[in-house]
Structure formats: structure tokens, C-alpha cells
Amino acid sequence: MAEGMWNMTEEGEFILQEPYATMLQEARAASSKAWTEALVSYLEERSPYTTEELVAALLYRNEHRSDGKVALFEEFVLEALGGDL
């Protein structure tokens, strides 16, 4: 483990220190963006929806659903492929 990556609070909680906290956040954002772009590109070629429609539907579901990311993903993909978004 890199020296100084983590710091322990008085309560015994470990806190990720900078610049690692920022780099982790940037890595999450970059990977989410790449995943979304790949998924939308895949579905656009195989469904009746445009990129904009797919992104809007995915964002809406992500904001309004709480039944788990895997279930959301699978339902979204199947509905897009079936033309039922």
C-alpha cells in the first residue's frame, strides 16, 4: 500500500487521502462514461433508438429506480432491444 494513502480518524475510520481520493473519483467517472458510451453504441446499432433516447432512458432509470444496478441494466438492455423503452 502506498505510504500516506490512508489516514485513520479519531473514531477509527479510514479516510482516503489526496491525491488518491480525487484520482479514485476521476477513475470512477471515466470508467462510467466509457461503459455508458459502449453500451449505448451497442444498443443503438441493434435497437430502434437514437443515442439521445438511450442515454435519457438510462439516466431516468438510474435516478428513479432502487432495485439494483444489475436488474436495471438487464431490464434496460432487453427493453431497448425489444423496442419497449
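Trainee: Glu-75 first: buried, exposed or partly exposed?

Mentor: Glu-75 is partly exposed, at 31% relative accessible area. Keep in mind that this is a predicted model.

Trainee: Which side chain does Glu-75 meet in a salt bridge?

Mentor: That's Arg-61, at 3.0 Å from N to O. The pair links distant parts of the chain, with Glu-75 in helix H3 and Arg-61 in helix H2, 14 residues apart.

Trainee: And is Arg-61 buried or exposed?

Mentor: Arg-61 counts as buried, because its relative accessibility is 10% and the cut-off for buried is under 20%. Salt bridges with shared partners also join Arg-61, Glu-75 and Glu-79 into one network.

Trainee: How many salt bridges are there by this rule?

Mentor: The count comes to four. One of them pairs Glu-37 with Lys-33, where the closest N and O atoms are 3.8 Å apart.

Trainee: Where do Glu-37 and Lys-33 lie relative to each other in helix H1?

Mentor: They're four residues apart in helix H1, so about one helical turn separates them. Lys-33 is exposed, with 54% relative accessible area, while Glu-37 is partly exposed at 46%.

Trainee: What about Glu-45, which partner does its side chain meet?

Mentor: Arg-46, in a salt bridge of 3.4 Å from N to O. Glu-45 is exposed at 63% relative accessible area, and Arg-46 is partly exposed at 42%.

Trainee: Switching to pockets: how much space lies in the largest pocket?

Mentor: About 240 Å³.

Trainee: Which helices each supply at least two residues of its lining?

Mentor: H1 (20–46), H2 (51–64) and H3 (69–82). H2 gives the largest share, four residues.

Trainee: What's the lining like by class?

Mentor: Six nonpolar residues, three polar and one charged. Among the lining residues are Trp-35, Leu-58, Leu-59, Asn-62, Lys-69 and Phe-73. Lys-69 is the charged one, because Lys is in the charged class.

Trainee: Last topic, the surface. Which residues make the nonpolar patch of about 340 Å²?

Mentor: Trp-6, Met-8 and Phe-14 make that patch. Trp-6 sits in strand S1, which covers residues 6–8.

Conventions:
Residues numbered from 1 in each chain as written. Predicted model: local features only at pLDDT ≥ 70, side-chain atom pairs only at ≥ 80, totals over all residues. Heavy atoms only, no water. 1 Å grid on protein atoms, 1.4 Å probe; cavity = no way out; pocket = protein on both sides within 12 Å on 5 of 7 lines; lining within 4 Å. Points joined across faces, edges and corners; volume = space filled by probe spheres on them. Patch = residues over 30% accessible without salt bridge, like charges linked within 9 Å, V, L, I, M, F, W, Y side chains within 5 Å. Areas by Shrake-Rupley, 256 points an atom, 1.4 Å probe, with all protein chains shown as cover. Buried < 20%, exposed > 50% of the residue type's maximum accessible area, 1.4 Å probe, protein only.
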